[in-house]
Number of protein chains: 2
Amino acid sequence: MKKNYLFTPGPTMVPPEVSLAEAQPMIHHRTPQFSQIFYELSEDLKYLFQTKTGEVFTLMSSGTGAMEACVANVLSKGDKALVVISGKFGERWAELCKCFGIETITIDVENGRVVDPSEIEAVLQKTEGIKAVFTTQCETSTGVVHDIQSISPLVKKHGALLVVDSITGIGVHPFFMDEWNIDVAITGSQKGCMMPPGLAFVCVNSSAWNVIEKADLPRYYWDFRKMRKELKNKTTPFTPAVSLVMAMKTAMDMIKKEGIENVWKRHARLAHATREGARALGLELFAGEYSSNVLTAIKAPPGIDVDKIIKRLRDETGVTFTGGQSELKGKIIRIGHMGYVNDFDVIVAIAALEKGLSEAGYLVELGKGLSTVQSILVSKK
Amino acid sequence: MKKNYLFTPGPTMVPPEVSLAEAQPMIHHRTPQFSQIFYELSEDLKYLFQTKTGEVFTLMSSGTGAMEACVANVLSKGDKALVVISGKFGERWAELCKCFGIETITIDVENGRVVDPSEIEAVLQKTEGIKAVFTTQCETSTGVVHDIQSISPLVKKHGALLVVDSITGIGVHPFFMDEWNIDVAITGSQKGCMMPPGLAFVCVNSSAWNVIEKADLPRYYWDFRKMRKELKNKTTPFTPAVSLVMAMKTAMDMIKKEGIENVWKRHARLAHATREGARALGLELFAGEYSSNVLTAIKAPPGIDVDKIIKRLRDETGVTFTGGQSELKGKIIRIGHMGYVNDFDVIVAIAALEKGLSEAGYLVELGKGLSTVQSILVSKK
């Protein structure tokens, strides 16, 4: 009886309620019936981003589409952009900016570490006329979480826009669009939102519109101005992914019912338990003190082929972890714990980790990780 | 007991089998399990486009996203493009080309009529260096179908690329990517494919790669070169909409089982019956002899407020037709019959049409449309 346990960096597990909402009979998108759902979802999404002054647009794309949309809406020909790179997704911001012909200055952070906000300030001081700073809240390729709250005032001080990829952050880590003074932020459906992939969400704060209105890079499908205009009509400029929108409404109902603060607390608790479970097995965390609550990246023990463990667990037990990408290939195991994840899921994840390591010949006291996790979860609310 | 009957230009009705496939447990997209499904789907899509030499890419976007992808991949700065406009979707090609700074020559066809292929040839002869011709197989805003087969050799003779928006055509009308010598064609999931919206498909024939490789407009999310590279690995460059991909595989299984020729014949038969049913009620077809099998556009009878009929039918009976857009607003009723539609659906559509017209004060002999449709459907295989 193999069941699927997705401890992946996304797509993550989807609650059956959400899957069934996705399977509802199709409705036409130019009807009051759809508009009402879409309007309510757009309001719920403000809660997700913790904004009152911003608007949230629903894009029919993966998260990368939303990243491209940010670049195309915020920048103009001849602009300079600063990109903080601490892994694969920071790199993607830089690739996108360069693709659109933008002069792109990067801060390259070592894998597994986060940027020091003062480094950002130093570049902004040294380089005149940086239009926007592109950052990543949670870099899932390495497992770190950046301190966006501290970065924000430094960026604003220099008059640049702050754009945050919070694709895996929102719905996992505390995120405050208004309070932190963020101009543009994005997330995806298949992460903390407990949804299948296919939708992305862009929150544009009132502070960003001056720049967006004047920007001159080519944009059509990604045009925030069109989206804003149609959102006022409770609709989208182009055909929305109706079934995913209906599912997302159900997912947001679940998040609202739990309460976003409780969602954040749950993730912090599960992540803490996972990290301690791994440590109890003598394993080292790749991101150390910078570890996010999105996933736990564990260093491969010397001489152990972690990719083989991952493959075997997936094929034989249905528990899916992921390995490292590019230069981190073979060097880490990533255990996701975001979205539709509870205490017993973390127990399963650690049980699978113990099993996998043990079968690969890593000396592990079976049950040691589990008992550590269990103690934390049973005692800690 | 109100049931939903979607006789709309898309999204169209979704078979329960497809909806349930969409509601399957989530799987991770970087697994052999997903790759196998994605590979099989990509092969099935070649059958849908009737190509052996082309490749079909699955895009996470609406149809408009696929249109933007075509423009961004085929054209370069300083290029000239020719766009045939016979309604809203032809206009969209022109808007997209202009948005990317392309010199855009248009042929403007009267609403409800199709382009004369010789007009295209005349422009190609007169204007040097047109890189690509953008066309629409079925223009759903007016209900016409263009003769792509006759257009193609004229475009090729002049060395231009032929790009076809067949978003509502494919899976409804005969379409032969290879035989007709088409370079790039697109379709969407929520039309003939009986799927929810959210996926679009681009077929790129081998003839187009020379141009695509050299094109220099900014492209990242839409980059066909990346898609081609990843398709060889049985995957996508960015996170695919897993649930929609799984649903689409089921939809393609249904299309393959029926046989694409039979799918085309079914649509021709249902469209013919709908047209004759409307005529029997004394109504006039907006697209006359150019009517596509996608939808039947009917002229509003003098003095009858068709938008009010449409609204009332939708709200009271669950039967959804659509009206005209922009300058056609109030002037036509559009009855879609594409995708998951059978004989009895057309009977329901005509019954609703009779009811709506009758209640709006249009003198109609109740049952006259129905008996006409019934005679056609019962006698004609």
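How many residues of domain 1 of chain A are in contact with domain 2 of chain A? In this predicted model, chain A is divided into two parts: domain 1 comprises residues 5-10 and 259-379, and domain 2 comprises residues 16-258. Between the two, 25 residues of domain 1 of chain A are in contact with 27 residues of domain 2 of chain A. On the side of domain 1 of chain A that touches domain 2, at least two residues each are supplied by α10 (260-280) and by β11 (295-299) of chain A. The largest share, five residues, comes from α10(A). By residue class, this side of domain 1 of chain A consists of 13 nonpolar residues, eleven polar residues and one charged residue. The centres of the two domains of chain A, taken over C-alpha atoms, are separated by 28 Å.

The strand β11 of chain A also belongs to a sheet. Strands of a sheet pair through backbone hydrogen bonds, in either a parallel or an antiparallel manner. In chain A, three strands form an open sheet with antiparallel pairing, in the order β11-β14-β13. The edges of this sheet are β11 and β13 (322-323) of chain A, each of which pairs on one side only. Two bridges join β13(A) to β14 (residues 332-336) of chain A in the antiparallel sense. Within this part of the sheet, Thr322(A) stands opposite Arg334(A), a residue of β14(A).

The helix and the sheet are also related in their placement. Helix α10(A) lies across β11 and β14 of chain A, and runs at about 15° to β11(A).

Note on methods:
Residues are numbered from 1 along each chain as its sequence is written. Chains are lettered from A and ligands numbered from 1 in the order in which they are written. This is a predicted model: local features need pLDDT of at least 70, side-chain atom pairs count only at pLDDT 80 or more; totals for chains, interfaces and linings use all residues. Domain bounds come from an automatic or database domain assignment. Two residues are in contact if their C-beta atoms, placed from the backbone, lie within 7 Å. Helices (H or I, at least four residues) and strands (E, at least two) are DSSP runs, numbered from the N terminus. Ala, Val, Leu, Ile, Met, Phe, Trp, Tyr, Cys and Pro count as nonpolar, Asp, Glu, Lys and Arg as charged, and the others, Gly among them, as polar. Two strands pair if DSSP finds at least two bridges between them. Axes are lines fitted to C-alpha atoms, for helices over the stretch in contact, and angles run from 0 to 180 degrees between N-to-C directions.
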